[in-house]
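Subject: Structure for you to look through

Hello,

Here is the structure I promised to pass on, and below it are my notes on what was found. Please keep the sequence and the 3D view open while you read.

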Amino acid sequence: MLATDSPSRSWRQAPTALRFTTPRQPVVHHDDLGALALLAEIPQNASRDNTDVTAIAALASGHPEDLETLDAYCATGSLRRAADLLHLHHSSVARRLEQLGKTLDIELTEPTGLIRARLALTAWRLLDD
């Protein structure tokens, strides 16, 4: 059943979709989240205690440009497309991602590492504080 089939269901899902919005993606439809919507149901204490989420929080508090680089890379899955989004040369983005991978202790060039980084970034954004 689509959310549009039930106004009350749409009303309940709207706040969840809103939590997934970002400056880069200001509109998010709940139906487009799929399994990602499950992240909104994880207790915030569990997210705060996760080492990947903690590393993202530390990155956000001290290096917003690195967070922006990681966000662009996670959103595109491509070094060159991330460089285009950031208006940087791809070699600059590659250097940043290499350093970010070391800082986060995640191999960002591996599919599993990219998934870990994206999930941690999303879980961090879902925290209330």
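In what follows, a contact means that heavy atoms lie within 4.5 Å of each other. By that rule Leu108 touches Leu70, Tyr73, Leu97, Leu100, Gly101, Gly113, Leu114 and Ala117, where residues up to four places away in sequence are not counted.

Please note that this is a predicted model, in which local features need pLDDT of at least 70 and side-chain atom pairs count only at pLDDT 80 or more, while totals for chains, interfaces and linings use all residues. Residues are numbered from 1 along each chain as its sequence is written, and side-chain values use heavy atoms, with hydrogens and water left out. The pLDDT is the predictor's confidence in each residue, from 0 to 100; its mean over the protein is 92, and 95% of the residues reach 70 or more.

Leu108 also belongs to the residues with the most contacts inside the largest nonpolar core, together with Ile56 and Leu70, and this core has 25 residues. A nonpolar core is a set of buried Ala, Val, Leu, Ile, Met, Phe, Trp, Tyr and Cys residues joined through side-chain atoms within 4.5 Å, where buried means under 20% relative accessible area, exposed over 50%, and partly exposed in between, with a 1.4 Å probe and protein chains only. At least two residues of this core come from each of the helices H4 (51-62), H5 (64-76), H6 (79-86), H7 (90-104) and H8 (111-125); helices are DSSP runs of H or I with at least four residues, numbered from the N terminus. A second, separate core has eight residues, among them Ala17, Val28, Leu33 and Ala40.

Helix H6 has the highest mean pLDDT among the elements, 96, whereas H1 (residues 7-19) has the lowest, 90. The buried residues of H6 are Ala82, Ala83 and Leu86. They lie on the same side of H6 because they cover an arc of only 100° around the axis, the arc being that of the directions from the helix axis to the C-beta atoms. What covers them includes H5 and H7, while on the other side of H6 Arg80 and Asp84 are exposed.

Finally, look at two loops. His87, in the loop between H6 and H7, has a positive phi of about 60° although it is not a glycine, and His87 is exposed, with a relative accessible area of 71%. Asp105, in the loop between H7 and H8, is likewise not a glycine and has a positive phi near 60°.

Best wishes
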